[in-house]
Amino acid sequence: MTGGDAGAVRTETAIQVERTAKTFRSRNGVRALDQVDFSISRGEFVSILGPSGCGKSTLLRIVAGLIQPDAGGEVRVFGHAQTRMSSDVGVVFQTHNMLPWETVEANIRLAAEVAGVAPAEIDRRVEQILPVLKLERFRRNHPHELSGGMRQRAALGQILITHPKVLLLDEPFGALDALTRDQLNVELLRLWQEMRQTVLLITHSIAEAVFLSDRVLVMSESPGRIVEDMRIDLPRPRDPRTTKEQAAFGQYVGRLGRLMGVGD
Ligand SMILES: Nc1ncnc2c1ncn2[C@@H]1O[C@H](COP(=O)(O)OP(=O)(O)OP(=O)(O)O)[C@@H](O)[C@H]1O
């Protein structure tokens, strides 16, 4: 693509975070987040890396509208101030949120019902989403009858069925073994390529962030602020076998590792 073509592509801002800080008043006023400013365009996949306790989850919860930033800060999603949770935004946490006495299918349906999706549309979306998440054969299983990877796929299904424009992922595969995690990352990437949502992912893995993202934001030690906004110019579609073999992949991982003072 020439520079002229690139300039012609219209980018819409999906997430805008401005002057956003957070001090928790409990526990003697913990300053969890220093001033944070960044924006994410529609359809971008952006990851956040940072040391433990630097405020990543706090930032994600502010973007989700679950908690409010200190006075002076503002977060907008597609132009709307995030003063509470909106149906535009779906959040997946490290631990799933399924009702243990309901089946996988019932749990996914319930999430759509709560979001106000019409019954006929729920039927249609369930049949679309279960095969994509490779859960068709397990639709009548209960959460305790699933592997950890299946449970997190089902949790993702509970969010995807609501068709959020923005997907916020807080270490959704963090508790899984490395192999399952790699497989789910590939599936997540495939889903994102199909659905083209805007994704903000928190991860502790530098390699995962580089493999998945268009941009990686690096946060400082607590109280967190953004110290690096790195564009990842690796071609898409990405494939774990070929992408991770590229010299550029290793260079990104190395640069981010040095910034964070660790290897990966
Ligand atoms: N509800 C709360 N009340 C008081 N302090 C809180 C609250 N939530 C988070 N904190 C504090 O804010 C700081 C940032 O926490 P946060 O969970 O955002 O960090 P994190 O970067 O996501 O950490 P990790 O990588 O370990 O999950 C920590 O010092 C934490 O103890």
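Which of the 14 residues around the ligand come nearest? Here are some friendly notes on that and a few other points, bearing in mind that the model is predicted.

1. F24, A32, S52, S57 and T58 come nearest to the ligand, out of the 14 residues around it.

2. **Who builds the shell.** Helix 3, residues 56-64, gives the largest share of the shell around the ligand, with three residues. Helix 2 (26-29) and strand 2 (30-41) also belong to the group of elements that each supply at least two residues.

3. Sorted by class, the residues around the ligand are eight polar, four nonpolar and two charged.

4. Four strands make up an open sheet with antiparallel pairing, and their order is 2-1-4-5. Strand 2 and strand 5 (80-81) are the edge strands; each has a single partner, so one side of each is left without a neighbour in the sheet. Strand 2, then, is an edge strand that also supplies at least two residues of the ligand shell.

5. Strand 4, residues 74-77, meets strand 5 in the antiparallel sense, over two bridges. Here you can find V77 opposite H80 of strand 5.

6. **Helix 3 against the strands.** Besides giving three residues to the ligand shell, helix 3 lies across strand 1 (13-24), strand 2 and strand 4. Its direction is at about 125 degrees to strand 1.

7. **Two domains.** According to the domain assignment, domain 1 covers 31-88 + 166-263, while domain 2 covers 98-163. Taken over C-alpha atoms, their centres are 24 Å apart. Nine residues from domain 1 and nine residues from domain 2 take part in the contact.

8. **The domain 1 side of that contact.** Which helix gives the most to the side of domain 1 that touches domain 2? It is helix 7 (residues 178-195), with three residues. By class, this side of domain 1 has seven nonpolar and two polar residues, and no charged ones.

9. Strand 9 (residues 215-219) and strand 10 (residues 226-231) run antiparallel and are joined by five bridges. Together they form a hairpin, with six residues between the two strands. Within this pairing, V218 has E228 of strand 10 as its bridge partner.

Notes
Residues are numbered from 1 along each chain as its sequence is written. This is a predicted model: local features need pLDDT of at least 70, side-chain atom pairs count only at pLDDT 80 or more; totals for chains, interfaces and linings use all residues. A residue is near a molecule or strand if its C-beta atom, placed from the backbone, lies within 6 Å of it. Ala, Val, Leu, Ile, Met, Phe, Trp, Tyr, Cys and Pro count as nonpolar, Asp, Glu, Lys and Arg as charged, and the others, Gly among them, as polar. Two strands pair if DSSP finds at least two bridges between them. Two residues are in contact if their C-beta atoms, placed from the backbone, lie within 7 Å. Axes are lines fitted to C-alpha atoms, for helices over the stretch in contact, and angles run from 0 to 180 degrees between N-to-C directions. Domain bounds come from an automatic or database domain assignment.
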